[in-house]
Amino acid sequence: MEISKTSTENSNSSSSTQSETDNHSSVAPYVEGEKVLANHNQCLYEAKVRKVEHNRKAWLFHVHYLGWKKSWDEWVGMDRLMKHTEENMRKKHALDEKHGNEKNAKVPRGSQAKSKTTYVSRGRKRRNESVTKAKPGVDPEKLVNIQIPTTLKKKLVDDCEFITHLGKLVKLPRTPNVNDILKNYFDYRLKKCGSMAGSVEEIMKGVCCYFDKALPVILLYNNERQQYQEACPANVSPSAIYGAEHLLRLFVKLPELLFYASIEEETLIELQAHFLDFLRFLQKNQSAFFLSTYHVAEDIENSTNKQGH
């Protein structure tokens, strides 16, 4: 939309042009070390800006959630941040009450089962519950650390930028989809380890189940939800439609999802090793699994015949 010179001059100090100022001004709207409120899963959390970058005409901020391990640190855009003011703190407390965030922060892990049942069978009956509860609100020291490789972190930053700042979406259905990627990994492990890959197949099935349950709840940006409704009717699993871009988002959320599944520490250590190996596999094959660019949302909605790669 073209803005006249007069209206632009009159609105330099107005919040109505904040988005334009944020994207094009040489002065960052937030600075390193500034205390802010960050939106995470529809709740607001106190955070501190660690790094500031201006990438492809958009500001990006690396934030640390106060009181949380560094594994929760993430890159976010302007749409996820608010100034740390009294008014915004009142909004935070209202959201806490609405979502029961403070109550969830004190939810105990429950009794630890002593049997050696598998990861998938132990997690299945709690999977729906764990997905709906997932948000920063548990003791970070009790969360398994899943270290995402640096190049894949860059993929997450680009993913956020494409969706939230450039108005683009992943064209669906994706090839390879999540099912294909997990099968490729199992075949890779089978060739490498032979019969020892049996536990890997079980774990990959569990990852697939988590992905299908988590995607509509915590893995989508708001402007992806209409696309999800169209691409995934009730009888279609997200793992057959979505690809590496959304699968990678799951690994950011997995530590807390696993916390609510009440898995034994010994099993968590084993899972952590498998997840790290899988992420290295994703990294090694990123050119084959990830899109290099996304599509303007209108193109996806209006035509499946427009350029797609």
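**Note on the predicted model: sheet, cores, confidence, cysteines**

1. E2 and strand E3 (residues 58–65) pair in the antiparallel sense, over eight bridges. Strands here are DSSP E runs of at least two residues, helices are H or I runs of at least four, and both are numbered from the N terminus. Two strands pair if DSSP finds at least two bridges between them. Glu53 has Leu60 as its bridge partner in E3. The E2–E3 hairpin has two residues between its strands, and Arg56 there takes a positive phi near 50°.

2. This is a predicted model; local features need pLDDT of at least 70, side-chain atom pairs count only at pLDDT 80 or more, and totals for chains, interfaces and linings use all residues. Residues are numbered from 1 along each chain as its sequence is written, and side-chain values use heavy atoms, with hydrogens and water left out.

3. Strand E1 (residues 35–40) pairs with strand E2 (residues 43–55), again antiparallel, over six bridges. In E2, Lys48 is the bridge partner of Lys35, and Glu46 is that of Leu37. Two residues lie between the strands of this hairpin as well, and Asn41 has a positive phi near 55°.

4. Five strands make an open, antiparallel sheet in the order E4-E3-E2-E1-E5. Strand E4 (74–77) and strand E5 (81–83) are the edges; each has a single partner strand, so one side of each lacks a neighbour in the sheet. On average, neighbouring strands are turned by 50° against each other, direction ignored. H7 packs on the sheet and touches E2, E3 and E4; its direction makes about 125° with that of E3. Axes are lines fitted to C-alpha atoms, for helices over the stretch in contact, and angles run from 0 to 180 degrees between N-to-C directions.

5. The largest nonpolar core has 55 residues, and Leu247, Leu250 and Phe278 have the most contacts inside it. Helices H7 (150–165), H8 (178–193), H9 (198–218), H11 (244–260) and H12 (265–284) each supply at least two of its residues. H9 gives the largest share, 10 residues. A core joins buried Ala, Val, Leu, Ile, Met, Phe, Trp, Tyr and Cys residues through side-chain atoms within 4.5 Å.

6. Leu247 touches Val178, Ile181, Leu182, Val207, Phe211 and Phe278, leaving aside residues up to four places away in sequence. A contact means heavy atoms within 4.5 Å. Apart from this core lies another, of 20 residues, including Tyr30, Ala38, Met78 and Tyr260.

7. Confidence needs attention. Mean pLDDT (the predictor's confidence in each residue, from 0 to 100) is 77 for the protein, and 72% of residues reach 70 or more. Helix H5 (residues 119–124) is lowest, at a mean of 41, and helix H13 (residues 286–289) is highest, at 96. Residues 1–24 stay under 50, with 16 contacts beyond four places in sequence. Residues 299–309 are also below 50, with 13 contacts beyond near neighbours in sequence. Where pLDDT is low, the predicted coordinates should not be read in detail.

8. The whole structure has zero disulfides, counted as pairs of cysteine sulfur atoms within 2.5 Å. The sulfur of Cys209 has its closest cysteine sulfur in Cys208, 5.9 Å away, too far for a bond. Cys209 is partly exposed, because its relative accessibility is 29%. Cys160, at 4%, is buried. Buried means under 20% relative accessible area, exposed over 50%, and partly exposed in between (1.4 Å probe, protein chains only).
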